[in-house]
Amino acid sequence: MGYLQGDKPISITKLLAMHAEREKITMLTAYDSTMSALLNRCGVEVILVGDSLGNVIQGHSSTTPVTVEQMVYHTECVARANTRAFLISDLPFASYGDPIQALDSAAELMRAGADMVKLEGGDWQADIIQYLVERSVPVCAHLGLLPQSVHLLGGYKVQGKSKDAASHMLEQALTCQAAGAQMLVLEAIPSSLGERITEGLHIPTIGIGAGPDCSGQVLVLQDMLGISPGKPPKFVKNFMDGHQSIEAAIKAYVREVKSGKFPGLEHGFAG
């Protein structure tokens, strides 16, 4: 198993090879050095410094208040304790409205320790993705439910449910890949669409409520530990159930993603 092969830092080349070999990729969020060190010890391959910190750290109802300065701070905290995992940081709301602004924002996150930046949106972001990649900034795209667009979408709703919407999302995914994106997060879409997009791409897909057939899975750390306030989304499993420590819960998450046990059918959406 890839996550047991020593302490050599994980690169995008390694992640692409895992995808080609159909080895599942494990990803979790972290926002501080303590959790970063713990995720490394537990064998998590990718750490996401998500703008979800707006919800779980700052107490906002959405991610839109998060700034580049705040993302840089939390990326620096995570990077200091990161010894092996591949580190991705979110470009926050309104920080990549044009290619120049996107490069400035991405450069700050890369200098803070990110190995890759993530941005939300599909074909309308192709020029920005290409601009960043041509300037040596690796990019992860994000399709499906877009938290930064929650006000436009009218809430946290499953995306891509109709035949036309599903076909359009596949087209968007292919466009992002052609523009140079090396990874794609798929959030809150039918499991069948997650499988369809994954099979149609040569880059890894990371699912969060996108079914078991994605190349890997990601959850917000506080969600999978069962400590986020309110009702958890359908795609979340509380890994603290049956475990006596956070470390044991995270190791269980890694095992279940690797084996294909998580996500189960009960964590997915019909299309």
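Residues are numbered from 1 along each chain as its sequence is written, and side-chain values use heavy atoms, with hydrogens and water left out. Because the model is predicted, local features need pLDDT of at least 70 and side-chain atom pairs count only at pLDDT 80 or more, whereas totals for chains, interfaces and linings use all residues.

In soluble globular proteins, nonpolar side chains tend to be buried together. A nonpolar core is here a set of buried Ala, Val, Leu, Ile, Met, Phe, Trp, Tyr and Cys residues joined through side-chain atoms within 4.5 Å; buried means under 20% relative accessible area, exposed over 50%, and partly exposed in between, with a 1.4 Å probe and protein chains only. The largest such core has 86 residues, among which L132, I197 and L219 touch the most other members. Beyond its neighbours within four places in sequence, L219 has contacts (heavy atoms within 4.5 Å) with residues including M27, L28, I208, M224, F235 and F262.

E23 lies in the loop between α1 (12-20) and β1 (25-29); helices (H or I, at least four residues) and strands (E, at least two) are DSSP runs numbered from the N terminus. E23 is buried, with a relative accessible area of 15%. Its side chain forms a polar contact of 3.0 Å with that of K258; such a contact is a pair of N or O atoms within 3.5 Å, where within protein one must be able to donate a hydrogen and the other to accept it, and residues adjacent in sequence count only if both atoms are side-chain atoms.

Grid points are joined across faces, edges and corners, and a volume is the space filled by probe spheres set on the points. The largest pocket holds about 770 Å³. Of its 34 lining residues, Y156, E187, D223, P233 and F235 lie nearest its centre.

The second largest pocket holds about 430 Å³. Its lining has 23 residues, with E120, G121, W124, L146 and S149 closest to the centre. The largest share, 4 residues, comes from α8.

Methods. On a 1 Å grid over the protein atoms alone, a cavity is a set of points where a 1.4 Å probe fits but cannot get out, and a pocket is an open set with protein on both sides within 12 Å along at least five of seven lines; lining residues have an atom within 4 Å of a point.
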